[in-house]
Amino acid sequence: MKMPLLKVEGVSKYFQDPRSKNEFCVFSDLSLSVKEKEFVAVLGHSGCGKSTLLNIIAGIEKSNGGVVFLDGRQTVKPGLDRMVVFQNFALMPWLSVQGNIRLAVKAAYPEWDKAAINRRVEKYVEMVNLTEARNKKPAELSGGMRQRVGLARAFSVNPRIMLLDEPFAQIDALTRGVIQQELVRMWEDTGITIFMVTHDVDEAILLSDRVLLMTPGPGATLAEEITIPFSRPRTRDRLVEDPAFFKLRDRIVAFLGHRQAA
Amino acid sequence: MSNSNPSTLSVSSAAAVPPSGGAAAKKRAMLKAVDPGPARSAAGSLGQRVGGNWMVLSLFCLLLFLALWQRYSTVGNEKFPSPVVVAEHAWYFLSDPFYDNGPNDQGIGYLVGFSLGRLAVGFLAGSVVAVFLGVVLGLNRTLFKALNPYIQVLRAISPIAWMPLLLYTVQNSGWTALLVVFMASMWPTLANTAFGVNNIKKEYLNVAAILQMPTLAKVFRVILPGAGPAIVAGLRISMGSAWVAIVPAEALLGSLGLGYFVWNEWNNLGIANVIFAILLIGAVGVMLDMLFNRLAKSLAYTD
């Protein structure tokens, strides 16, 4: 069997309450794996610790045990092989669209000359349809456009895996659908593996190959794994005509709702 | 914004408000590090609030001031030069600013130039050191806490108070004047830089970490631009205090410049020239401040 691209083994995270000094467990002994070119979503309620899990995989948060492997090698710190797309975009507000992408390209390819860097930047600005807005600052852009920059920045360094942290949560519903389709297109074009955390059931079904359901914290676990049966290309319109979509959706909602109540 | 940032900082300039919103409470300790801005900026922001009438009011104040001055010089103290006399003296100096009749008699343009040159050298050196130390302290909370008490003590000392010691140590009045400017330039920039760097949003540093930026690239591409508005606010205050310090330094050290000119004219009892020099010092200071206002605008950013 082929080795998974990303392997998380027995990862635990504890937080200490600053007032009571009580430790509580966000999750413990959590394991998962993601295959090359796969699109995997972790679906769970807000505050279940799924962003913490993503940050640990990214290396920007420390775990209290467990190991993260990428390409069979243990990861110890953040790196260009695991690009994060943040919920709040995390763009440098003093840089333009181009400037933000250039920052990443320059960091990833320090040996490139200016022309090569510019070509790369231009290509990815174009990929997310921001050519006209390329000189604008993030503050002048809508949420959707900002996240396009976030996606372009992440794709532009050609990482092994993309870690998407509720990437569309702060984008209005109308724009969200468009960017979701763009993400799928970029994923298919580049063949870059995607690991996403989200609390949006429809989004998880629409985008991913496999959904991991995370129970609410403290002491969250990955309780169930669902392979999404719908063929690609998927569109929201087509999905809502399929009774199987609602069955799956109801099953997930019931699962999460049930766990929530427990 | 206002409650999450030091009020002293927002007084100094609207553009000076560091961009990061939250995380303010734990930084309370750092607030002390921020110097209050110059009063004229506060007056400026007040003016914006009352709309267009401020120009009329401003002009009225000027006329009132000139009228009172004129009256004092005619009925109060007849030896005191009237505005007209000062204007005549000013015209005399300004009409031929660049003459050179030996080391003690040079045009006012040269004198301003000497003062500005001294300011530029001392200020640049002080700012480079201050920004460097500020970045180091801003990135290292322990170091900041350890050194902050000394910074507070040092910045409470008037740069002029250092002068005898500096003069005794370096034995050279030219170097002493530069060092006084250097000392005056240090503290607000240091404190504001440390504050700005410490307040950079964690997410920007996370991006830098994910991009595996080397330390220098991180400093120049993320940390300095991120703290840019706070740093410029500090530089602006520093420039103000350096310009304030340069006048007594030159006067006491006899270094050719505006401060020397004031003292020299006082010794000659040339009160009209003293008043002219006072106004000129003020005017140059305002122009310097305007330069920094521009710089602040070009570095400002909104999240």
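## How much of chain B is buried

Of the 303 residues in chain B, 40% count as buried, meaning that 20 or more other C-beta atoms lie within 10 Å of the residue's own, with C-beta atoms placed from the backbone (12 or fewer makes a residue exposed, and in between is partly exposed). This is a predicted model, where local features need pLDDT of at least 70 and side-chain atom pairs count only at pLDDT 80 or more, while totals for chains, interfaces and linings use all residues. Residues are numbered from 1 along each chain as its sequence is written, and chains are lettered from A and ligands numbered from 1 in the order in which they are written.

## Chain B, helix by helix

Take the contacts in chain B with a separation of 6 or more: 72% of them involve residues 24 or more positions apart.

Glu78(B) counts as exposed because it has 9 C-beta neighbours inside 10 Å. Its C-alpha atom is 35 Å from that of Leu288(B), which sits 210 residues away along the chain.

A nonpolar core is a set of buried Ala, Val, Leu, Ile, Met, Phe, Trp, Tyr and Cys residues joined through C-beta atoms within 7 Å. The largest one here has 140 residues, and Leu163(A), Val180(B) and Val181(B) touch the most other members. Helix α11 (residues 215-253) of chain B gives the most to this core, with 17 residues.

So what does Val181(B) touch, leaving out residues up to four places away in sequence? The list is Arg118(B), Leu119(B), Gly122(B), Phe123(B), Gly126(B), Ala242(B), Ala245(B) and Ile246(B).

## Two helix pairs

In chain B, the axes of α7 (residues 141-155) and α9 (residues 173-198) come within 10 Å and cross at roughly 155°. Axes are lines fitted to C-alpha atoms, for helices over the stretch in contact, and angles run from 0 to 180 degrees between N-to-C directions. That crossing makes α7(B) roughly antiparallel to α9(B) (over 145 degrees is roughly antiparallel, under 35 roughly parallel, 65 to 115 roughly perpendicular and the rest oblique). Phe144(B), Ile151(B), Leu154(B) and Arg155(B) of α7(B) make the contact with Trp187(B), Leu190(B), Ala191(B) and Ala194(B) of α9(B).

Over in chain A, α2(A) and helix α4 (residues 143-156) pack at about 25°, with axes 8 Å apart, which means α2(A) is roughly parallel to α4(A). From α2(A), Val97(A), Asn100(A), Ile101(A), Ala104(A) and Val105(A) meet Val149(A), Ala152(A), Arg153(A) and Ser156(A) of α4(A).

## Where the chains meet

How many residues touch across the two chains? There are 18 from chain A in contact with 18 from chain B. On the chain A side, β6 (82-85) and α2 (97-108) each supply at least two residues, and α2(A) gives the most, with three.

By class, that side of chain A has 15 nonpolar, two polar and one charged residues. Here Ala, Val, Leu, Ile, Met, Phe, Trp, Tyr, Cys and Pro count as nonpolar, Asp, Glu, Lys and Arg as charged, and the others, Gly among them, as polar.

Definitions and conventions:
Two residues are in contact if their C-beta atoms, placed from the backbone, lie within 7 Å. Helices (H or I, at least four residues) and strands (E, at least two) are DSSP runs, numbered from the N terminus.
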